[in-house]
Amino acid sequence: MKIGFIGVGNMGHPMALNLLRAGCQVKVYDVVADAASDLADEGAEVVGALQQVVSGVDTVITMLPAGEQVRAVYLGDHDGGLGILNMADSGTLFIDSSTIDPASARLVAIQAASKGVDFVDAPVSGGVAGAKAGTLTFIVGGSDANFQRAGLVLKLIGKSILHAGKAGDGQMAKICNNLMLGIQMAGVCEALSLAIDNGLDPQIVSEIMQQSSGQNWVLDRYNPCPGVMANVPASQQYQPGFMAKLMLKDLGLGLDAAVESQSPIPMGTLARNLYAFHNAASNELLDFSSLFEFYRRRSDN
Ligand code: NAD
């Protein structure tokens, strides 16, 4: 398979690497030239322009920060520059794995259909560890035919390829998931901080909760208390991982969706505000599990 990969940051880099290791021919492009340079050693063709990354490939995968970048890359920027939908060869399949607002995903899907090319939104769950291990969950929105076609590529870098529904529904399902993840992270930070304040060992309390009704993904895979778990951001000075600014973005997407559907989301709103306060104190580039420090720092003030 010939694949063009756009956006090789914390997630895109290991995903592109796994495609290379699966035997695909991969071209990569990132606005930050350094982000892609070491992939050349692994056999990738590193290119310096969008036009180059989408030409001569069967599939284009994008892994960008937010809807703004996805709209700019697919549809063209404000200066009238062309987007990749206008640059690609006919028959190309486009897969956007960024987490963005469903409205932008639907807009891109409509534009793709009008140009006769296939598109799915396919945001992921599993984090950097899942991207490295090739065990990501892809949450796909799009037609049955496009879902089947995308699955042939995505199974090379993911373990579960799930069909959420029509275009944009992959993003909506992912937003619901991250609403829960943000709440869960705040809950684990809160429980462990309370345990420490009462003289308990956070490692022992984590093990107890893992065997009890408080068990959850954060406790099992992503403990936010430094030293409790090896190989997680909390034990590496909160280097991301999943940046706190991206969690704030995702909780904001949940809030936007709730306003639209007039849904009450008190827990998600509170989690979003916790991240807004935390990030405002220069923490936005740290991993989202650094919210633990927000709980701990309050006693120092
Ligand atoms: P990141 O910021 O590390 O990577 C994004 C990359 O896109 C960067 O290298 C950036 O230079 C590049 N980029 C930005 N604008 C571009 C453009 N116009 N053209 C080409 N490249 C451009 O972010 P990430 O952590 O890799 O996350 C990417 C997406 O995946 C986000 O939507 C995030 O919410 C989602 N996500 C992240 C995780 C995680 O654990 N990090 C997990 C699931 C989903």
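A residue is called buried if 20 or more other C-beta atoms lie within 10 Å of its own, exposed if 12 or fewer do, and partly exposed in between, with the C-beta atoms placed from the backbone. The model described here is a predicted one.

**Single residues and their surroundings**

Glu-293 belongs to helix H14, which covers residues 291-297. Pro-14 sits in helix H1, residues 12-21, and Pro-14 also counts as partly exposed, because its C-beta neighbours inside 10 Å number 19. If residues up to four places away in sequence are not counted, Pro-14 touches Val-128, Ala-131 and Lys-132.

Ala-167 lies in the loop between strand E9 (158-165) and helix H9. Is Ala-167 buried or exposed? With 23 other C-beta atoms within 10 Å, Ala-167 is buried. When its neighbours within four places in sequence are left aside, the contacts of Ala-167 are Ala-105, Arg-106, Ala-109, Asp-121, Gly-141 and Gly-142.

| Pair | Apart in sequence | Apart in space (C-alpha to C-alpha) |
|---|---|---|
| Glu-293 and Leu-192 | 101 residues | 11 Å |
| Pro-14 and Pro-202 | 188 residues | 31 Å |

**The loop between H11 and H12**

Most residues other than glycine have a negative phi, and most peptide bonds are trans. Against this background, the loop between helix H11 (217-221) and helix H12, in which Gly-241 lies, deserves a careful look. Gln-237 is found in the loop between H11 and H12, and its phi is near 50°, a positive value in a residue other than glycine. Tyr-238 has its place in the loop between H11 and H12 too, and its phi is near 60°, again a positive value in a residue other than glycine. Gln-237 is exposed, because 10 other C-beta atoms lie within 10 Å, whereas Tyr-238 is buried, because 23 other C-beta atoms lie within 10 Å. Pro-240 and Gly-241 are joined by a cis peptide bond, with omega at about 5°.

The protein chain is divided into domain 1, residues 2-166, and domain 2, residues 172-297. The centres of the two domains, taken over C-alpha atoms, are separated by 27 Å. To the contact between them, domain 1 gives 12 residues and domain 2 gives 13 residues. On the side of domain 1 that touches domain 2, the residues divide by class into 7 nonpolar, 4 polar and 1 charged.

Helix H9, residues 169-197, packs against H12 at an angle of about 115°, and the axes of these helices are 9 Å apart. Which residues make the contact of H9 with H12? On the H9 side they are Met-172, Ile-175, Asn-178, Leu-179 and Gly-182, and on the H12 side they are Met-247, Asp-250, Leu-251, Leu-253, Gly-254 and Ala-257. Sorted by class, this contact of H9 with H12 has 7 nonpolar, 3 polar and 1 charged residues.

**The shell around the ligand**

The ligand is surrounded by 28 residues, and the closest are Gly-7, Gly-9, Asn-10, Met-11 and Phe-242. By class, this shell holds 17 nonpolar, 9 polar and 2 charged residues.

At least two residues of the shell are supplied by each of helix H4 (67-75), helix H7 (127-133) and helix H12 (244-261). The largest share, 3 residues, comes from H4. This helix also has buried residues, namely Gly-67, Val-70, Arg-71, Val-73 and Tyr-74. Among the elements that cover the buried residues of H4 are strand E1 (2-6), helix H3 (50-54), strand E4 (59-62), helix H5 (84-87), strand E5 (93-96) and helix H6 (102-114). After H4 comes Gly-76, whose phi is positive, near 110°.

Terms used: Residues numbered from 1 in each chain as written. Predicted model: local features only at pLDDT ≥ 70, side-chain atom pairs only at ≥ 80, totals over all residues. Near = placed C-beta within 6 Å. Helix = DSSP H or I, 4+ residues; strand = E, 2+ residues; numbered from the N terminus. Nonpolar A, V, L, I, M, F, W, Y, C, P; charged D, E, K, R; others polar. Contact = placed C-beta atoms within 7 Å. Axes fitted to C-alpha atoms, helices over the stretch in contact; angles between N-to-C directions. Domains from an automatic or database assignment.
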